[in-house]
Every structure is written in structure tokens, then in C-alpha cells.
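This briefing covers side-chain packing, aromatic pairs and charge pairs. Please look over the model before reading on.

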Amino acid sequence: MSRVQTIEVAADDTDQRLDRWLRRQFPNVTQGMVEKWCRKGELRVDGGRAKAATRVQAGQQVRIPPIPMGAPPVPAQVAKIPAADVKMMQAAVIYRDDDVIAINKPAGLPTQGGSGQNRHVDGLSEALKFGLDEKPRLVHRLDKDTSGVLLLARNRLAAQGLTAAMRHKETRKIYWALVAGVPTPYLGEVKYGLVKAAGRGAKGEGEKMIAIHPREIDATPGAKRAHTLYATLYRVGGRASWVAMEPLTGRTHQLRAHMAEIGHPIVGDGKYGGSGQENMGDGWGAQLGGIISKKLHLHARMMRFEHPITRKVITVTAPLPEHMAHSWDTFGWAEDLAAEDPFEQLR
């Protein structure tokens, strides 16, 4: 075990998440160790308790508890990635320049490691160096079962710029989903707040977000305001619809919880729509049955952002994953039927 140590955050490390900053300093520290230290109050920033997601700033003093030294640190960049995963990650690239990479994240691949997750974008991003010394850095995330546009920064300056843009809501994200029933009005918004409900098990497995009426948000401990725009693009009778969504806030499971709350859960969403409940045309039930996949039908279709270095506006779109493309084919829909920005008239 090492001794307790205190490290000052360098100027070029400012605005990084605490967990990512620490794991770059000590490659043998795991995400689980960081989260445990935060829960126990052993990892502190300027003397105060911190969370894994706390953003460190230049000049802050980070207190680091003793680190197990059972094995010498192995720099992440020498970790061996299976050839199939290298091929998969490189094939997923849909935009690349000297500062930014965007991939079409496959459904089922976690963005980061967590409980029981050893294979994830953050770990496999070593395959996206393309000749640079550093692997790309995550600047936002998608749920494990959500596919689509995921941005990574190729250097620290780009990471700082993209992270700041995300935090100040200077980027736009449009998602596509297949939902049960037909949301009306066809163009609308959802403003239910969200509060996290405790999950099952010692580590909170199965936690989910509970929707709170806007009038009750301020009186509900832990509730946060959430705002989603939606547009119903095409429908299959009364059973299902192709919906575009734009989250104006970035809450956990926001789109899934909001669509379920208005009675139109996303197809394949067992957590919010009932895993065994088949939609019979009444606007509920997360499964359509027949040949329609039971996987989550939620896809980050488009992301528009200001390039952190050139300041040019970049728009990146991601093709549908295989299971959603199959559903679209089944219903006779094509990706080019939808406008790139169905919410343009609202702006």
C-alpha cells in the first residue's frame, strides 16, 4: 500500500472529472476503488468530500488514500485489445479530425466501466488513437443499450472545449425511437421532473428514475427539472410510432422515463415499459411481438456542435443499428424520410 498523498491539479488538467483524472494519474486504480473512496469520504478535494463526477480545477489539492500496490501499474495504452474489438471500434467511426472523433456506438456496449462491466468504449478507445500518443477522451455518455453518436476528444484542449459546451447546453442532440402507440399532439414537450428511486441489492442495482409533476418538483427531495421535445414522425396504425426527441436537459434515463410517463414507452424498454407486457394498440407495453426485436429502440441520430478548435459548426449523423433498421424495413420506413431537424420550427 502507498501512503496517503496530496496532489495539486495541474493547469492543463482543469475541468476533468475526478475519477478520470485520478485513473490517469494511477492506471492501476479501478473505477470501483474511486467510487468506494468517495462513498467513505477518503477521497477529498480541497479538504471536502467529493463525488466521482466532481470536476477538478487547476490548483485544487486532491487527497488520495493509500493505493494497493500488489502489482505494478500497467499504463492503459499498452493494454491488449482483441483484434475483433479493434476492427469493431474503427468501423464505428463516423467523423474524425485532428481533435475530435465521433463513433456510432453499438447498442449493448457500455460507455464506461461499472459494476461487472469490463468491456466498454472508454477501455476500447485505445483502438482509436490512429497514430496519436494519447487515446481519445470521453466527453459525454450514452446508456449501454442506446446506440448512436458518441463524441470523443483527441486531446486535452478539445476535451475541455467539448465538455464546457455540453455543460452550457451549446450542443444539440436528436434521438430517434420506436414507441408504443401514437403520441399526441404530434409535436409536443414533456416537462416532468425526475428523481432517482433506490435500486435493489447492495450496490443499488436496478435503480430507475421516477417522473414528478412539474408542480411537485420543488417539494420533492432530490428531484431535478427535465425538459424533452418530441415529434411524432410516422405511425403504424395505433400500435407504434417513429418519434424524434431532443433532450433540452441531460438527466439520467430522461427520454425513456418521459416517454413512459406520457403513456408511450420506447419499444424494448423493460425498465420503464414493462418487460413482459405486449402492446396491443392501447399505447402501452414495451414489446410489439412478432418479428420486431425486443432490444431497446433508442438511437442518438444526430449531434450538432461547435468544433472546440476551429469553431466551425459540425453536424454528425449515425445510421440506425441493425435491430432498428430491421424494424424500420418491416414498417416500410426509410431513414431519409425524416427531416434532419424536426424541431427547427420551434427555434
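A salt bridge here is a side-chain nitrogen of Lys or Arg within 4 Å of a carboxyl oxygen of Asp or Glu. By that criterion, the structure holds 14 salt bridges. The model is a predicted one. It also holds six aromatic pairs.

**Salt bridges**

- Side chains of opposite charge can pair when their charged atoms come close.
- Arg 17 bridges to Asp 19, with 2.8 Å between the closest N and O atoms. Both Arg 17 and Asp 19 are buried.
- Arg 301 forms a salt bridge with Glu 335, and the closest N and O atoms are 2.6 Å apart. This pair links distant parts of the chain: Arg 301 lies in strand E17, Glu 335 in the segment after H8, 34 residues apart.
- Arg 301 has 16% relative accessibility, so it counts as buried. Glu 335 has a relative accessible area of 26% and is therefore partly exposed.
- Arg 304 and Glu 340 meet in a salt bridge of 2.7 Å, N to O. Here too distant parts of the chain are linked: Arg 304 is in strand E17 and Glu 340 in the segment after H8, 36 residues apart.
- Glu 340 is partly exposed, because its relative accessible area is 46%.
- A network of salt bridges links Asp 143, Arg 256 and Asp 269.

**Aromatic side chains**

- One aromatic cluster is formed by Trp 176, Tyr 234, Trp 242, Trp 328, Phe 331 and Trp 333.
- The structure's six aromatic pairs include Trp 242 with Trp 333, a tilted pair at 5.6 Å centre to centre and 40° between the planes. Trp 242 sits in strand E16 and Trp 333 in the segment after helix H8 (322-331), 91 residues apart.
- Trp 242 is buried because its relative accessibility is 0%. Trp 333, at 8%, also counts as buried.
- Trp 328 and Trp 333 pair edge-to-face, at 5.3 Å centre to centre and 80° between the planes. Trp 328 has 2% relative accessibility, so it counts as buried.
- The charged end of Arg 96 sits over the ring of Phe 130, 4.0 Å from the ring centre.

**Nonpolar core**

- The largest nonpolar core has 27 residues; Met 89, Ile 103, Val 121, Met 245, Ile 266 and Leu 298 touch the most other members.
- Elements giving two or more residues to this core include strand E8 (100-105), helix H4 (121-124) and strand E16 (240-247). E11 gives the largest share, three residues.
- Beyond its neighbours within four places in sequence, Val 121 contacts residues including Met 89, Ile 103, Leu 138, Leu 150 and Leu 152.

Notes:
Residues are numbered from 1 along each chain as its sequence is written. This is a predicted model: local features need pLDDT of at least 70, side-chain atom pairs count only at pLDDT 80 or more; totals for chains, interfaces and linings use all residues. Side-chain values use heavy atoms; hydrogens and water are left out. A nonpolar core is a set of buried Ala, Val, Leu, Ile, Met, Phe, Trp, Tyr and Cys residues joined through side-chain atoms within 4.5 Å. Buried means under 20% relative accessible area, exposed over 50%, partly exposed in between (1.4 Å probe, protein chains only). Helices (H or I, at least four residues) and strands (E, at least two) are DSSP runs, numbered from the N terminus. Contact means heavy atoms within 4.5 Å. Rings of Phe, Tyr and Trp (its six-membered ring) pair if their centres lie within 6.5 Å; planes under 30 degrees apart count as stacked, over 60 as edge-to-face and the rest as tilted. A charge sits over a ring if NZ of Lys or CZ of Arg is within 6 Å of the ring centre and within 35 degrees of the ring normal.
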